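Biologist: Hi, could you walk me through this one? I'd like to go chain by chain and then look at a few residues.

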Amino acid sequence: MSEKKPKKIKIVIAGPFAAGKTEFIRTVSEIEPVTTERKITDPKEKEKKSSTTVAMDFGKIKIDDEHELYLFGTPGQSRFNFMWEILGEGALGVIVLVDSTDPKTFHEARRIINFFQSRYPVPLVVAANKQDLPNAWSPEDVAVALDISEEEGIPVIGISAKNKDDVKKALLLLLELIKTQLTG
Amino acid sequence: MTLTGDLKSFSFADILQVLHADKKSGVLIVEWKDMTVAYYIKDGELVLARPVDKVFRIYVDRDFEKLLEKLRLRESSLAETVKKFFLSRLDNREGIFSFTQGFIRYPETVPVFYPAEYLIMESARRLTLEETERKISDELLVFEKAPDYEEKVRKARLTDEEQKVLNLIDGKNTVKDILEKSGLDKLTLYRTLYGLLSIGAIRRKRKKAPKKPSISLDLLAKLIEKIKKL
C-alpha cells in the first residue's frame with residue numbers, strides 16, 4: 001500500500017529585492033531550504049548581495065503526519081513577477097518583507113501588496129525586516145511610507161529575519177489574523 | 001531615531017508624509033552637491049529652512065528661539081526661508097536626507113506659513129510619471145475619501161484640476177475611469193492622486209472582500225502550536 005502524501009499548506013513570503021526572504025525561510029524551516037539562487041550580474045544589485053532568487057525558495061515545517069506547512073519565497077526582482085502569480089495561487093496567507101533600512105524599496109513593497117490584495121485577497125502581514133541595523137526605519141514609519149491605513153487591516157511588525165523568535169512572531173501574527181477571519 | 005534615504009527614490013512628498021503623519025519634531029538635513037539645508041520640523045510641520053556650510057553647525061544650536069535670535073530672523077520671515085530653501089529646490093533630486101527626531105527644543109507655538117499638506121501637494125506636482133507610478137501602480141486601483149479629507153484639502157490649496165479629480169473619487173471610480181471622466185492628462189491625474197494619498201485625504205479601497213481562509217480551526221490551532229514550539 002502506498003504511503004499517503006501529506007497535505008500542503010502554503011504561506012507566501014514576498015518582498016522587494018534583498019528584503020531578506022530567503023533568510024526568513026532559512027531561519028524557521030525544518031529542512032535546508034530549496035533555493036533557486038543565481039549569481040547577480042547587475043553591478044547596482046551586486047552592491048547589495050552576490051546572488052538572488054530567480055524562481056522561488058521553499059522551506060518546510062511538519063505540522064502532523066497529514067499536514068506540512070510550505071513557506072514559498074518569491075523572487076524579489078520585478079522581472080520575475082510572473083512567479084508571484086504562480087506562487088500566490090492557493091496560499092493561506094502572505095508575509096511581505098520590507099528592508100527597513102532601504103526606503104527606495106518601499107514603493108516596490110507597496111506594489112507587491114497591491115498585487116496580492118487584488119489577485120489573492122488572503123490575510124497579509126508586513127514584516128519590517130533588519131530592525132537590528134542602526135539605520136532601520138521603525139515599523140510605524142514603514143507603515144506610513146507604504147500608505148497602509150488602519151482600514152486596510154494589514155499589521156506591520158518589526159523583525160530581524162535572522163532571529164528565530166522574530167520570524168515566529170511574524171508567522172504567528174499572520175496565523176492569528178487568519179483565525180480572526182475564520183471566526184469573525 | 002533617524003530616517004535616512006535619497007531624494008531620487010524617496011521624494012519630499014514621501015518624507016513629509018512620514019513626518020507629518022506621526023507629527024514628528026526634529027531636524028531634517030538634506031545634503032545636495034551645491035548646498036546643505038537644515039529643515040526644522042515641529043509637530044510634522046516645516047517651520048524654518050536654513051542653509052549651513054557645515055552639518056555640525058546644526059547641532060550647535062539646539063534651542064529654536066535662540067537660533068532665530070542668532071540668525072536675526074523674525075517669525076514673519078520664516079515663510080521666506082521655506083520659499084527660498086524648500087519650494088525653490090523641489091526639482092533637485094540629487095540630495096541625501098536624514099531626519100533626527102527630538103534634539104531641537106521648540107517653543108510651544110511656532111507659526112506655520114506653509115502647512116505640510118500644501119508642501120506635499122507642491123512636491124507631488126513636480127514628480128515624473130515614473131515616480132508617480134510608485135504609488136499609483138495600477139489603473140484599476142480605486143480610491144475613497146478619508147473621513148477628515150475636507151480639512152486636509154483645504155490646507156493643501158488644490159488647483160481647479162486637482163479639485164476635479166477629488167470630486168471624482170467616490171470609492172467606485174477606478175484610476176482609469178477618473179482619467180476618462182476628468183479629461184485630464186495622465187501625468188496631472190497621477191500627480192494629484194499621489195499628493196492626495198500622501199496628505200491622507202484619500203486612501204486605497206480594497207477591491208475584494210477578504211477570502212475566507214481555506215483551513216479548519218482545528219488544523220490552524222495545530223499549526224499555531226507547532227510554530228510556537230519551533
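Modeller: Happy to; we can start with the chains and then turn to single residues. Keep in mind that this is a predicted model.

Biologist: Good to know. How many helices and strands are there in chain A?

Modeller: Chain A has six helices and eight strands. In sequence order they run β-α-β-α-β-β-β-α-β-α-β-α-β-α.

Biologist: And what share of the residues in chain A is buried?

Modeller: Of its 184 residues, 61% are buried. As for contacts between residues at least 6 apart in sequence, 71% join residues at least 24 apart.

Biologist: I'm looking at helix H1 of chain A, residues 21–28. Is that helix mostly covered or mostly open?

Modeller: Mostly covered: six of the eight residues in that helix are buried.

Biologist: Which residues of H1(A) are the buried ones?

Modeller: Lys21(A), Thr22(A), Phe24(A), Ile25(A), Thr27(A) and Val28(A).

Biologist: Is Ala18(A) buried or exposed?

Modeller: Ala18(A) counts as buried because its relative accessibility is 7%, and the cut-off for buried is under 20%.

Biologist: Okay, over to chain B. What is the secondary structure there?

Modeller: Chain B has 11 helices and seven strands. The C-alpha trace of chain B spans about 65 × 55 × 35 Å along its principal axes.

Biologist: And the burial and surface figures for chain B?

Modeller: Chain B has 230 residues, and 53% of them are buried. Taking contacts in chain B with a separation of 6 or more, 74% come from residues 24 or more positions apart.

Biologist: How far apart are the mean positions of the positive and negative charges in chain B?

Modeller: They are 4 Å apart, for 45 positive and 37 negative charges.

Biologist: How is chain B divided into domains?

Modeller: Domain 1 covers 2–114 and domain 2 covers 119–204. The C-alpha centres of these two domains of chain B lie 26 Å apart.

Biologist: What does the contact between them look like?

Modeller: On the domain 1 side of chain B, 18 residues are in contact with 14 residues of domain 2. Together the two domains of chain B bury about 1300 Å², and carbon and sulfur atoms carry 52% of that. Within domain 1 of chain B, the residues that lose the most area to domain 2 are Ala13(B), Gln17(B) and Arg93(B), together 34% of what that side buries.

Biologist: I've clicked on Ser198(B). Which residues is Ser198(B) in contact with, beyond its sequence neighbours?

Modeller: Leaving out neighbours within four places in sequence, Ser198(B) is in contact with Ala13(B), Gln17(B), Ile120(B) and Lys135(B). Ser198(B) belongs to helix H10 of chain B, residues 186–198. Ser198(B) is buried, at 5% relative accessibility. The C-alpha of Ser198(B) is 8.2 Å from that of Met121(B), although 77 residues separate the two along the chain.

Biologist: And Ser11(B)? Where is that one found?

Modeller: Ser11(B) is in the loop between strand S1 (2–6) and helix H1 (12–21) of chain B. Ser11(B) is buried too, with a relative accessible area of 4%. Beyond neighbours within four places, Ser11(B) is in contact with Leu127(B) and Tyr194(B).

Biologist: Last stop, then: where does Gly102(B) lie?

Modeller: Gly102(B) is in the loop between strand S5 (96–101) and helix H5 (116–124) of chain B. At 29% relative accessibility, Gly102(B) is partly exposed. Setting aside neighbours within four places in sequence, Gly102(B) is in contact with Ser25(B) and Gly26(B).

Methods:
Residues numbered from 1 in each chain as written. Chains lettered and ligands numbered in written order. Predicted model: local features only at pLDDT ≥ 70, side-chain atom pairs only at ≥ 80, totals over all residues. Heavy atoms only, no water. Buried < 20%, exposed > 50% of the residue type's maximum accessible area, 1.4 Å probe, protein only. Helix = DSSP H or I, 4+ residues; strand = E, 2+ residues; numbered from the N terminus. Contact = heavy atoms within 4.5 Å. Lys, Arg positive; Asp, Glu negative; His and termini not counted. Charge placed at Lys NZ, Arg CZ, Asp CG, Glu CD. Domains from an automatic or database assignment. Buried area = accessible area lost by both parts, 1.4 Å probe.
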